[in-house]
Amino acid sequence: MAREQLIEILAEMVGNVMSVGVGPGDRVAAGDAVVLLESMKMEIPVIAEVPGTVIAVKIAPGDVVQEGDVLVQLR
């Protein structure tokens, strides 16, 4: 039986989490915005690059994230 691949969506920059648009169990398509970050007074959507099912959300609105932090895990 093949093991499903874990996909991590990472922060590409330092920023504040403005909103989280997904929760565990949600299905996302490639191109869906899953998190909205604010950095240097700009709103930056974080996009899922592949389809999958959310298995964990590692952040919450108001959190500060660093480049490379795991935001969402998909399977």
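Trainee: Where is Met40 found?

Mentor: The model is predicted, so local features are read only at pLDDT of at least 70. Met40 has a positive phi of about 55° although it is not a glycine. As for its place in the chain, Met40 is found in the loop between E4 and E5.

Trainee: Is Met40 buried or exposed?

Mentor: The cut-off for exposed is over 50% relative accessible area. Met40 has a relative accessibility of 76%, so Met40 counts as exposed.

Trainee: What is the phi of Lys41?

Mentor: Lys41 is found in the loop between E4 and E5, and with a relative accessible area of 82% Lys41 is exposed. Most residues other than glycine have a negative phi. Lys41 is not a glycine, yet its phi is positive, at about 65°.

Trainee: Is Ser39 buried or exposed?

Mentor: Ser39 has its place in strand E4. Buried means under 20% relative accessible area. The value for Ser39 is 14%, so Ser39 is buried.

Trainee: Which backbone oxygen does the side chain of Ser39 reach?

Mentor: Leaving aside neighbours within four places in sequence, Ser39 is in contact with Met13, Val14, Gly15 and Ile44. At 3.0 Å, the side chain of Ser39 reaches the backbone oxygen of Val14.

Trainee: What does Val34 touch, not counting residues up to four places away in sequence?

Mentor: Val34 is among the residues with the most contacts inside the largest nonpolar core. On the stated count, Val34 touches Ile9, Val20, Gly21, Val22, Val28, Val46, Ala48 and Val72.

Trainee: How far apart in space are Val20 and Glu8, C-alpha to C-alpha?

Mentor: Val20 is found in strand E2 (residues 15–20), and at a relative accessible area of 25% Val20 is partly exposed. Not counting residues up to four places away, Val20 touches Val34, Val57, Ile59, Ala60 and Pro61. Val20 and Glu8 are 12 residues apart in sequence, and their separation in space is 15 Å.

Trainee: Which side chain is joined to that of Arg27 by a polar contact?

Mentor: Arg27 has its place in strand E3 (residues 27–28), and at 62% relative accessibility Arg27 counts as exposed. Leaving aside neighbours within four places in sequence, Arg27 is in contact with Gly52 and Thr53. The polar contact, of 2.7 Å, joins the side chain of Arg27 to that of Thr53.

Trainee: How many residues of the lining of the largest pocket are charged?

Mentor: The largest pocket has a volume of about 250 Å³. Its lining has 14 residues, with Leu10, Glu12, Val46, Ile47 and Glu49 nearest the centre. Strand E1 (7–10) and strand E5 (42–47) each supply at least two residues of the lining. By class, the lining residues divide into 11 nonpolar, no polar and, for the charged, 3.

Terms used: Residues are numbered from 1 along each chain as its sequence is written. This is a predicted model: local features need pLDDT of at least 70, side-chain atom pairs count only at pLDDT 80 or more; totals for chains, interfaces and linings use all residues. Side-chain values use heavy atoms; hydrogens and water are left out. On a 1 Å grid over the protein atoms alone, a cavity is a set of points where a 1.4 Å probe fits but cannot get out, and a pocket is an open set with protein on both sides within 12 Å along at least five of seven lines; lining residues have an atom within 4 Å of a point. Grid points are joined across faces, edges and corners, and a volume is the space filled by probe spheres set on the points. Helices (H or I, at least four residues) and strands (E, at least two) are DSSP runs, numbered from the N terminus. Ala, Val, Leu, Ile, Met, Phe, Trp, Tyr, Cys and Pro count as nonpolar, Asp, Glu, Lys and Arg as charged, and the others, Gly among them, as polar. A nonpolar core is a set of buried Ala, Val, Leu, Ile, Met, Phe, Trp, Tyr and Cys residues joined through side-chain atoms within 4.5 Å. Buried means under 20% relative accessible area, exposed over 50%, partly exposed in between (1.4 Å probe, protein chains only). Contact means heavy atoms within 4.5 Å. A polar contact is a pair of N or O atoms within 3.5 Å; within protein, one must be able to donate a hydrogen and the other to accept it, and residues adjacent in sequence count only if both atoms are side-chain atoms.
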